[in-house]
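Okay, thanks everyone, let me put this one up on the screen. I'll just walk through a few spots inside it.

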Amino acid sequence: MMRDSIIKIVRQNTEKGKRIFRFYLFFIAIIITLSSVWGFFGIKTDPPIEKIIINYVEDDDINEYFESQNMVCGIDFSSYRIDPEKIYVEDDEYLYKLSDNYIARLTLRSDVQKILKKNMDIYNIPFVAAVVMEASTGKIVGLYEKKSDGSPYSIFKTYKAASIFKVITMETLLSEKNISTDEKMCYHGGKRSLNRNHLIENPRKDYRCMEIDRALGFSANVIFARLAYRYLDREILSDHITRFGFGEILPVEFNVEKSHIIIPMEREELAYTAAGFGETYISPIHGAVITSIVANNGVYIKPTLINEILDANENVLYSHSRIELRTVFSEDVASKLKKMMRVTVSEGTAHKFFARKRPIDFVKEIPLAGKTGSIADRGSKYTEYNWFVGFAPVDKPEYVISVLSINSENISARATLYARHILDDLFKDTKKISVYRSHKKKIIGKR
């Protein structure tokens, strides 16, 4: 009896299992059939603009996407491109003639342009260029270059980014690996260069120690190289480089050379690149864009040179509004980067340029975040690329600045020096200064 009961139960369970199995087969067959029909008839939904931009168009060209969607100002995109050589000034307003008798009122401000010219004409170095942007809007309010006769350099071309690239490396480490910035790392060497031995931890030699959250401000090469060697690979770094706009045309109304980078396959070479020693090239304009992403809490704001477009009867056809292209990283990561870039000015590589009042003591009066960079080509002709990028005030950024100086062996001037003088003039208005003071207001005289 017991045997017969067991056989009966087994048979019942077996039949039940077969029915369940047949049901699953039938369900899967329906799903496959529906998917085939869906694909055959091309039934699909258009992804939102955020998804398109984050995944990037096929050739990584945001401008082509804008052109296809007619998103910028409702006129033919090709006719709205600006030749900087043909910009003219009328009643202190920067203008540009477009096709069909349209006039573009530009975002450039005469007061900012005068500040740039005044401070950048002081030294006769081979080349210096500066870009000033409104942090929250993306408006380019200052754009100026000075170069020696016959110089091949241009504000619209790309040059070695040096340690400016550390900003992207640190963002990648924070976003992907959530590294502890309170951790202290000990190291040796690497102040001016890197070699393979610096990547290997050696307790007998690693006598210099620093917290990771101070490494960006002091541009600690070995710490960045070791962190990249430990945590990053080519795929991860490539993804974040693209988010910052490498390999795509900057979405501005004039032609700028694409920023580009050679991403090494070898792990050691990748570490050198992450520390700012690689073949990484950006323009001064892209330097401002990268910095503005940090200033805007990880959001990529479209940079622009056009404020309004008027027809022949002065009717406004287009008026600028802030365009958020994509979110590059989180607010939490942005907060950490701001703190690290603040160290650059308060005690790091740019401290000596900003510590003294002339007329403003930035360290005390106007919190400034920044990053310096310097790298030299020591070939048949010595050439040094010197950078400063930054924004101020830190908590509520008003201006973003990017300065590149290209120096020879005989004469040089640091980009940080130019940036200090420019920021002095941008913020020397006592009414503006009073907004950022935490102590009793006092009058600061003009130079």
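This is a predicted model: local features need pLDDT of at least 70, side-chain atom pairs count only at pLDDT 80 or more; totals for chains, interfaces and linings use all residues.

The largest nonpolar core has 92 residues, and the ones with the most contacts inside it are I140, L143, F246, F254 and F329. Helix α11, residues 284-295, gives the largest share of this core, with seven residues. There's also a second, separate core of 32 residues, and V345, A350, I360 and L368 are among its members.

Skipping anything up to four places away in sequence, F246 touches F165, I168, I241, S259, H260, I261, T280, Y281, I282, H286 and I290.

One of those partners, I241, sits in helix α9, which runs over residues 234-243. Which residues of α9 are buried? That would be I236, L237, S238, H240, I241 and T242. The cover over them includes α5, α8 and α10, plus strands β9 and β14. Now the two ends of α9. At the start, a side-chain oxygen of D233 comes to within 3.1 Å of the backbone nitrogen of E235. Just after the helix, G245 has a positive phi, about 105°.

Last stop is H320, in the loop between β13 and β14. Is H320 buried or exposed? Buried, because its relative accessibility is 16% and the cut-off is under 20%. Its side chain gets to the backbone oxygen of T137 at 3.4 Å. Beyond its neighbours within four places in sequence, H320 contacts T137, K139, T304, I306 and N307.

Conventions
Residues are numbered from 1 along each chain as its sequence is written. Side-chain values use heavy atoms; hydrogens and water are left out. A nonpolar core is a set of buried Ala, Val, Leu, Ile, Met, Phe, Trp, Tyr and Cys residues joined through side-chain atoms within 4.5 Å. Buried means under 20% relative accessible area, exposed over 50%, partly exposed in between (1.4 Å probe, protein chains only). Helices (H or I, at least four residues) and strands (E, at least two) are DSSP runs, numbered from the N terminus. Contact means heavy atoms within 4.5 Å. A polar contact is a pair of N or O atoms within 3.5 Å; within protein, one must be able to donate a hydrogen and the other to accept it, and residues adjacent in sequence count only if both atoms are side-chain atoms.
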